[in-house]
Amino acid sequence: MDLLTQLTAIYHQSFPADQSPLLICSPGRVNLIGEHTDYNEGFVLPAAIDKAIYLAISPRTDNRIHAVAHDLGKSRDVSLSELTPTHSWLDYLLGVVAQLRLAGHTVGGFNCVFTGTIPIGSGLSSSAALENAVGFALNELFNLGIDRMTLLRMSQRAENEFVGAKVGIMDMFASMMGKANHVIKLDCRSLQYEYAPLSTEAIRIVLCDSQVKHSLVTSEYNTRRAECEAGVRFLKTFYPDIHSLRDVTMDMLDKHLRDADALIYKRCSYVVQENARVVDAVRALEANDLSTFGQLMYGSHAGLSEKYEVSCPELDSLVDIARRQSGVFGARMMGGGFGGCTINLIEAAAVETFAANIRHEYKERTGKDTLIYVCSLQDGTHRMN
Ligand code: GAF
């Protein structure tokens, strides 16, 4: 059975009386380099991947939302007039509906079912993919005429304000704006972007899932944001024109912050250096210099682990094992941290041996199994029918 038929069948299990629903595919993302730089108005290099949320949706004639999370075996029925956080999966949907209404759009009731292939809690942005899927679907269903950029900003606000996670723009952007066989060079300050080709034929993007899901991630994420903001506030007393760490150099940090606050200095210097690494990585990619690109990935991981302190022993092991394998250009932890996946850039011919070795050694070192995903780069959120 093809995906369209399968998704329609899943939808009709919950809503047998409905006509054919609208079907949406909304992908997860990887990020090659530029971690924790998005909320500092810096640079990132993400891409949408072939793991996605699939959403089937039809309008209702009343003002109720009937939503089914197929993979969780859960469903909820709420009124459009009760859009308050439920502290559950439903908030990713309701948050987007609330944003649409806040912006003055008329959204009617709807039935929807979603399923997916993005492993939950692995740092591949299933939540951004779901938010984008809902915004994109409602825009189509009710002819709201909203552009992609506005939709993805609504997804971010839904997550910031309704779900309560103070995430940056990268995940929604990559999921909504992805382009097959390309990565996105994104400036998170201006939101200007360009696509850079990256074919996954000769080089593979391989994710190693540490299978660690730390509860620390939200609180530590928000703490890192606050530490960066504290650094900017302090530096503003010397440089009133700076607005974010994007405007800060290592010289400025060394001169004023190093002796004043060692911890904040460490955090801020990671961000300033990571931004510089993204710029160098883009240049290396354009020159097809993958060995330089890979070294920058290792540098990114070292900074995330030692200065930003968002790695964990399992992610450090995965990177350490990877760098001893042949055919590996680079590896690093990816996303918010404290668990989830590493991203590895590998020669196609080396992938099989890499996978076997990493499975074996990761088990030996940590007692855990790793799951390995070889990704291709795909288009962003789109209609399937
Ligand atoms: C998470 C966030 F959602 C992103 O905005 C980004 O900050 C990332 O962590 C770290 O680079 O995925």
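1. By class, the ligand's shell holds 3 nonpolar, 4 polar and 3 charged residues. Here Ala, Val, Leu, Ile, Met, Phe, Trp, Tyr, Cys and Pro count as nonpolar, Asp, Glu, Lys and Arg as charged, and the others, Gly among them, as polar. The residues around the ligand are E35, H36, D38, Y39, V167, G168, M170, D171, G335 and G336, where a residue is near a molecule if its C-beta atom, placed from the backbone, lies within 6 Å of it.

2. A word on the model before you read on. It is predicted: local features need pLDDT of at least 70, side-chain atom pairs count only at pLDDT 80 or more, and totals for chains, interfaces and linings use all residues. Residue numbers start from 1 along each chain as its sequence is written.

3. Have a look at F136 in helix α3 (residues 126–141); helices (H or I, at least four residues) and strands (E, at least two) are DSSP runs, numbered from the N terminus. F136 counts as buried because it has 28 C-beta neighbours inside 10 Å. (A residue is buried if 20 or more other C-beta atoms lie within 10 Å of its own, exposed if 12 or fewer, and partly exposed in between, with C-beta atoms placed from the backbone.) Leaving out residues up to four places away in sequence, F136 touches I24, S26, L151 and T381; contact means C-beta atoms, placed from the backbone, within 7 Å.

4. Next, a helix pair. Helix α6 (residues 217–236) packs against helix α8 (residues 262–286) at about 95°, with the axes 9 Å apart. Axes are lines fitted to C-alpha atoms, for helices over the stretch in contact, and angles run from 0 to 180 degrees between N-to-C directions. The two helices are therefore roughly perpendicular, the term for 65 to 115 degrees. On the α6 side the contact uses R224, E227, C228, A230 and G231, and on the α8 side I264, R267, C268 and V271. These divide into 5 nonpolar, 1 polar and 3 charged residues.

5. There is also an open sheet of 3 strands, ordered β2-β7-β8 with antiparallel pairing. Its edge strands, β2 (43–44) and β8 (193–197), each pair on one side only. Strands pair if DSSP finds at least two bridges between them, and 2 bridges join β2 to β7 (residues 182–187). V44 has L186 as its bridge partner in β7.

6. Finally, two loop residues deserve a glance. E41, in the loop between β1 (22–31) and β2, has a positive phi near 60° without being a glycine. F338, in the loop between β10 (328–333) and β11 (339–347), is also not a glycine and has a positive phi of about 60°. E41 is buried, with 20 other C-beta atoms within 10 Å, and F338 counts as buried with 24 C-beta neighbours inside 10 Å.

Notes: Two residues are in contact if their C-beta atoms, placed from the backbone, lie within 7 Å. Angles under 35 degrees count as roughly parallel, over 145 as roughly antiparallel, 65 to 115 as roughly perpendicular and the rest as oblique.
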